[in-house]
Amino acid sequence: MKTKSIASFLLGTALSLTAVGVACAQDKTVKIGALSDQSGLYADLGGPGSTLAAQMAVEDSGLAAKGWKIDIISGDHQNKPDIGTAIARQWFDVDKVDVIVDVPNSGVALAVNNVIKEKNGVYINSGAATSDLTNAQCSPNTVHWTYDTYMLAHTTGQALVKAGGDTWFFLTADYAFGGALERDTTAVVLANGGKVVGGVKHPLNTPDFSSFLLQAQASRAKVIGLANAGGDTTNAIKQAAEFGIAKGNQKLAALLLFLTDVKALGLETAQGLNFTETFYWDMNDQTRAFSKRFAAKMKNGAPPTMVQAGVYAGLRHYFKALEALGGNPHDGVKVVEKMKSMPTEDDLFGKGEIQPNGRTIHNAYLFEVKKPSESKAPWDFYKLVGTVSGDQAFTPLAESKCALLKK
Amino acid sequence: MQALYAQLLVGLINGSFYALLSLGLAVIFGMLNIINFAHGALYMMGAFVAYFLLNNDYLSIGYWPALIIAPIVVGIFGMILERTMLQWLTGLDHLYGLLLTFGLALIIQGVFQNYFGSSGLPYAIPDQLKGGMNLGFMFLPVYRGWVVVFSLVVCLATWFLIEKTQLGAYLRAATENPTLVRAFGINVPRMITLTYGLGVGLAALAGVLSAPINQVRPLMGADLIIVVFAVVVIGGMGSIMGSIITGFALGVIEGLTKYFYPEASNTVVFVLMVLVLLVKPTGLTGRAA
């Protein structure tokens, strides 16, 4: 018995030493940093749910069984670019992180973009909206999944202008994201023969919108475009209902609305709103299956938002690229090139591709929020109104100002 | 011009929240000498208690009873805080109270955020106060009108209680000379506990009033508290009438800034605070200690 256990100990040691040897030779260790707003106004749409999505992507990739060692750490950028870049730097310098995912808040996302480029890491951004990430400020290390301001402007914005909403007034969050969304939507409005009659830039995280809404009302614009997100959007919508804006001749356009925002508003207030997302949990059997697994692990039982779904799908594609490379995940540019060379396909976003500027192309969907009487289950919120194919929704390469395209 | 009147009215509405909250702070500071940084968290708790009362399957208590129940529940919580923690700081520097209550605020907010997330919970406007009226220059939601009137009444009642009644006289005396007041057979510690409860109750009341307008969110108090502190400082720390008047006035000034230069609307209060402190360090109506 004793001899047997000594023999098995020796055999075990030998095997594990061989495994270490193999790991060193091919270097199959990966460290993922999930950088998000963990406690502020975007925490519910990204935050802990994004970290969970990353964990599920690791588990579902099956790479651990093939000898890969994959770790995840998470951080809270608190919506401050300086904190975001400090965390990113520490992750690359001290913690040896290879890939950073999520990063909502365009201001933080653009700042982190520079750090990742400098450190030659991989950046799979799902949470930020600014189209600059793959346009003027594109980087060979960056893949922008899920959505961007160009897409929001060319789906929701375009649909509203075509439906007769030809004069616009903007309520814009006063930072990188709001500016980008207003700029992109303005371009769409003008291109379709409409005009912008005014706008207000409000500070991020504004609890009271009544003054701004009064200005929007006084402008007599047909559409009041909300170029903001999260808590700002929900407050604006709620207070607009209070001031009777929806009942007047003006229409409220939530250019960016997430599942968690609709939950926070309640269907009574949110019903009838039109907006665009690239993922909804109740689209098909695959999305439902994933969302069920996801919700079971979330503390409040919430299904994934499109940002969290994007973290999952982006990482799954990243792992496919790593597997194809066979190891050595530390050269960011090389990994991202591999990711771009492979078509994307997953259960959540379907088929697509990553353009040379880093923009992931997939379908976008126009939704309408259901009436309370139409909702059959706790998170049953959306009605599908239309589908826009990826090449229609996202920036055409010919229009892109990305320096990577000028090779 | 019409838009300007509208902004003035909207400013007055926000001012009523500032007034109610800064009034509670002024009462607590004036009577207990504690800079109550937990005020925002307690305001948020008021809104959450109203939410629970409404959405509990067994209770389903609506807005009107919540206006009374929530301040009492949160007030009792405040009194427990005072008895178990704050009373030990009597006689120490203000800084200790500030740090303790700041820590408490972070803990309370953290716990709520952990359980309820950050995006908030819906709370509908009560049926009786839905809709609005056309004033000619603006559409005034009935609920907002109610908020202004109700907070004015509560503010004046509190002022009357403290400045004009015998109970108020005892209170003021107890803060000036606790030993002497105790010698008259008055239970000073109990009075202080009740005063803290009153201040906290006022915060919770503002929370209930705010629930139908803003989302019921864990960070709703944190967003507001710094502005409210600026209001108290401008009005003069501890001055009851000062905080009421400054609360309403700053709401109006902020509203006007949102009209003329919206980007500065979050900072205008602090610019004013700096100016006031430079010219009159005790605040507009404050007395030198």
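Buried area is the accessible area (1.4 Å probe) that two parts lose on being put together, summed over both. This is a predicted model, where local features need pLDDT of at least 70 and side-chain atom pairs count only at pLDDT 80 or more, while totals for chains, interfaces and linings use all residues. Residues are numbered from 1 along each chain as its sequence is written, and side-chain values use heavy atoms, with hydrogens and water left out.

Q: What area is buried between chain B and chain A?
A: About 2,700 Å², with carbon and sulfur atoms giving 47% of it. B:Ser119, B:Gln215 and B:Lys258 supply 19% of the area that chain B buries against chain A, more than any other three residues.

Q: Why is A:Ser126 called buried?
A: Buried means under 20% relative accessible area (1.4 Å probe, protein chains only). A:Ser126 has 0%, so the word applies.

Q: Which residues does A:Ser126 touch?
A: Taking contact as heavy atoms within 4.5 Å, and not counting residues up to four places away in sequence, its partners include A:Asp102, A:Trp145, A:Tyr147 and A:Val307. The backbone oxygen of A:Val307 lies 2.6 Å from a polar atom of the A:Ser126 side chain.

Conventions:
Chains lettered and ligands numbered in written order. Buried < 20%, exposed > 50% of the residue type's maximum accessible area, 1.4 Å probe, protein only. Polar contact = N/O pair within 3.5 Å; in protein donor to acceptor, adjacent residues only side chain to side chain.
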